[in-house]
Amino acid sequence: MATSDHSTISLAAMVSADSPFLRACRGEPHDRVPVWFMRQAGRSLPEYRAIRGTGSITEAIRNPDLATEITLQPVHRYGTDAAILYSDIVTPLEAIGFGVEVRPGVGPVVERPFRSEADLDRIVDLDAQAHTPFVLDTVRNLVSELGDVPLIGFAGAPFTVASYAIEGGPSRTYAKTKALMYGHPELFAALLDRLADLALASLRSQVAAGASAIQLFDSWAGALCPSDYRRYVLPASQKVLGGIADTGVPRVHFGVGTGELLGLMHEAGADVVGVDWRVDLDDARARLGDEVALQGNLDPTTILAGADVAVERTRDVLRRADGHRGHIFNLGHGVFPESDPDVLKRVIDTVHAEGRVR
């Protein structure tokens, strides 16, 4: 059913505005610390493996009924305070025909990596109704199924998506990306500007379909020093986060290894800054002040150490958060596939039972 942006956004706000997650994002009073996990839907869950089948991740994302069920699974099992859309940061790039696929055990792989100005023409504007109707159908399905649990839409930040487009796949050094950034700054800026438009169009379409919050993943921004981030990356991220501001949904910004960039990621326009496990949460609070919400930051490897260790470290994160109303509990990165769902449940139960808000 087609609806206007305004009426759909109002519906999303009506069903979940009082949720602990949304209140924490806005620093408003609420009773308990909300919790969800990045990559909470996926290979760690036996029910995911049971319904996933043998097709590619892209095929699963393009199946709204399957993507809806996968998104709901962790909410039903764990009682998380938010759901995150089952999709991928390269879904918009794949949908416009750039030539990228998500290979199992590898990640995004690009058939013809970005090399020159001519490749800019391969990044066309995203028409969400035409290119990603399956995403919008999944979001609408989820809004009707989740009730008061907010749905988080997401997109890949321009720098991180650019790194896949330039490298042709995952990289440890980002050598080709940095070589283009330093050697051809005008072309690099043009690339990030195109990718910012792509991310913004995708996020706005997800919010219009009913998503209650968005997260912008700049997973690999930690490869940059602050001055380079400010010069080469910040303008594009600001374009994305600033461009979604008028919708009124909370904007979460997360990266890995970005301890030295936390202030800049807030400056990019984030209402909530995601913190990985490399910075203690009280230290992150000292760096950013009381006016910004923080999300994080249990080391995901503690889940692999068993319930006793994971619960002990969960309590340490809560202690460092000190009951601040702007705290959303999460892992410092995504759930590992080998994580025990029972340990994850113990963590969530601990947060819900002991995570008090001042």
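Me: Buried means under 20% relative accessible area, exposed means over 50%, and partly exposed lies in between (1.4 Å probe, protein chains only). Why does E260 count as exposed?

Reply: E260 has 61% relative accessibility. The cut-off for exposed is over 50%, so E260 counts as exposed. This is a predicted model, where local features need pLDDT of at least 70, side-chain atom pairs count only at pLDDT 80 or more, and totals for chains, interfaces and linings use all residues. Residues are numbered from 1 along each chain as its sequence is written, and side-chain values use heavy atoms, with hydrogens and water left out.

Me: What makes R287 and E260 a salt bridge?

Reply: Their side chains meet at 4.0 Å, N to O. A salt bridge needs a side-chain nitrogen of Lys or Arg within 4 Å of a carboxyl oxygen of Asp or Glu. The pair therefore qualifies. R287 sits in helix α14 (residues 281-288), and E260 in the loop between β6 (251-254) and α13 (262-267). Helices (H or I, at least four residues) and strands (E, at least two) are DSSP runs, numbered from the N terminus.

Me: Why is R287 called partly exposed?

Reply: R287 has 40% relative accessibility.

Me: What makes R358 exposed or buried?

Reply: R358 has a relative accessible area of 59%, so R358 is exposed. Its side chain meets that of D322 in a salt bridge (3.8 Å, N to O). R358 lies in the segment after α16 (341-354), and D322 in the loop between α15 and β9 (327-331). D322 has 48% and is therefore partly exposed.

Me: How many salt bridges are there, and how many disulfides?

Reply: The structure holds 23 salt bridges and zero disulfides. A disulfide would need a pair of cysteine sulfur atoms within 2.5 Å.

Me: Why is C25 called buried?

Reply: C25 has 4% relative accessibility. That is under 20%, so C25 counts as buried. C225, at 35%, counts as partly exposed.
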